[in-house]
Amino acid sequence: MRVVDALDAAARLLEWDLWEGDDGEHEDTVALVEVARSVVAERIRAGADLERAHLVALCDLLVTLEDLRRELRDNEVDERLRALTGVQAGLGRLRGIASVSTILDLAPQEVCRSCGFDRAILFRVQNSQLIAEAVHWENDPDGAATLLQVARENPADLTHMLLETEMIRRRIPMLVADAKGDPRVHRTIADAADTHSYVAAPIMPEGRVIGFLHADRYLQQRDVDEFDREMLWAFAEGFGYAFERTVLTERMRAQRDQVRSMVQSTEQLMNELCDTEIAVSHVEGEDSAGVGRAAAMLASGPSRLDQLLTRREVEVIKLMAAGETNAGIASRLVISEGTVKSHAKHILRKLRAANRAEAVSRYLRISALGDQQ
């Protein structure tokens with residue numbers, strides 16, 4: 001009310017309609033107070049012929065307007081700090097996630113939660129296309145699911161006419177004030193979302209754009225502004241680093257598990273090898289008989305092994321012994337996983353092994369026996 005009263009007083013004293021051409025709602029109150037303050041100050045400077053009482057009233061009004069301007073500016077700064085604190089809190093919650101799929105699913109939700117948006121979409125850039133990854137719609141999961149389906153069924157080609165292409169080139173966020181009429185937007189997605197205005201920001205943790213975040217205030221029925229754009233930009237920048245950290249953590253965890261599995265497998269095979277070398281000459285059992293038959297067939301060492309197994313099968317069993325998975329073997333030998341499985345089946349049959357571990361164990365024992373001859 002202080003602001004309205006001060007502006008009304010300025011209008012009366014200046015005999016000037018501050019509200020002319022306005023709809024009565026001021027999104028930037030600070031700017032309006034600044035205009036009134038400037039006009040009052042100018043009238044005082046040029047008011048040598050003003051009556052004393054009128055001049056005193058103008059001076060009092062100028063002090064009031066100046067106080068209001070400072071108060072509004074301080075409030076604006078506080079609001080921005082609160083918003084950025086919310087962004088930081090949202091990013092902190094995402095940084096604690098160790099799964100790539102989970103952090104992608106939760107990112108749009110955190111955009112809305114920390115920045116005050118109603119809807120958010122996360123896109124990834126893949127093969128020069130914009131592909132929807134996740135959607136959050138406040139209090140309407142069905143609407144989010146429908147929008148995600150439409151977006152995925154209609155990926156956008158990153159042509160020179162698309163808004164996101166310009167963001168990739170310039171590496172900046174953007175505000176789309178008229179989504180209904182702007183030719184740069186992806187029309188199918190914009191129409192499905194029925195958005196009037198939105199902000200978009202690129203995700204680029206290493207300087208290369210890998211995705212985008214879009215957000216609007218659809219349920220609040222108000223257009224986004226420059227501050228919304230800057231908030232989303234801050235979130236997108238922080239999310240890029242959080243996502244990169246999660247990807248690296250997941251890769252390191254997978255590599256650690258693979259190494260751990262390889263070490264355990266190697267230790268088990270070495271223990272079996274040592275036990276078998278002792279038991280071969282003293283114990284007649286099913287396993288020693290099986291190993292004996294295989295060893296007898298391969299008694300002449302590696303050259304006989306090459307005769308029993310094909311060159312490719314030897315390569316496969318060596319990689320199996322090194323702890324490689326079917327996918328890893330396929331990648332190393334540049335063949336399909338189906339071909340690897342076929343080779344493994346032949347190897348098990350030729351070595352008379354019941355499973356991969358037994359085949360690898362017999363391969364290592366036979367190789368060791370061949371080396372001793």
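Visitor: Which residue is the bridge partner of Ile 121 in S2?

Guide: In S2, Ile 121 is partnered by Val 135. Before we go on, this is a predicted model, where local features need pLDDT of at least 70, side-chain atom pairs count only at pLDDT 80 or more, and totals for chains, interfaces and linings use all residues. Residues are numbered from 1 along each chain as its sequence is written, and side-chain values use heavy atoms, with hydrogens and water left out.

Visitor: What makes S1 and S2 a pair?

Guide: Two strands pair if DSSP finds at least two bridges between them. Strands are DSSP runs of E with at least two residues, helices are runs of H or I with at least four, and both are numbered from the N terminus. S1 (residues 119–126) and S2 (residues 129–137) have eight bridges in the antiparallel sense, so they meet that definition.

Visitor: What lies between S1 and S2?

Guide: Two residues separate them in a hairpin, and Asn 127 in the turn has a positive phi of about 50°. S1 is also joined to S6 (residues 211–216) by six antiparallel bridges, with Leu 122 opposite Leu 213.

Visitor: Why are the buried residues of H13 said to line one face of the helix?

Guide: Buried means under 20% relative accessible area, exposed over 50%, and partly exposed in between (1.4 Å probe, protein chains only). The buried residues of H13 include Val 340, Ala 344 and Ile 347. Seen down the axis, the buried residues fall within an arc of 165°, so they line one face; the arc is taken from the directions from the helix axis to the C-beta atoms.

Visitor: Which exposed residues does the face turned away carry?

Guide: Those are Lys 341, Lys 345 and Arg 349.
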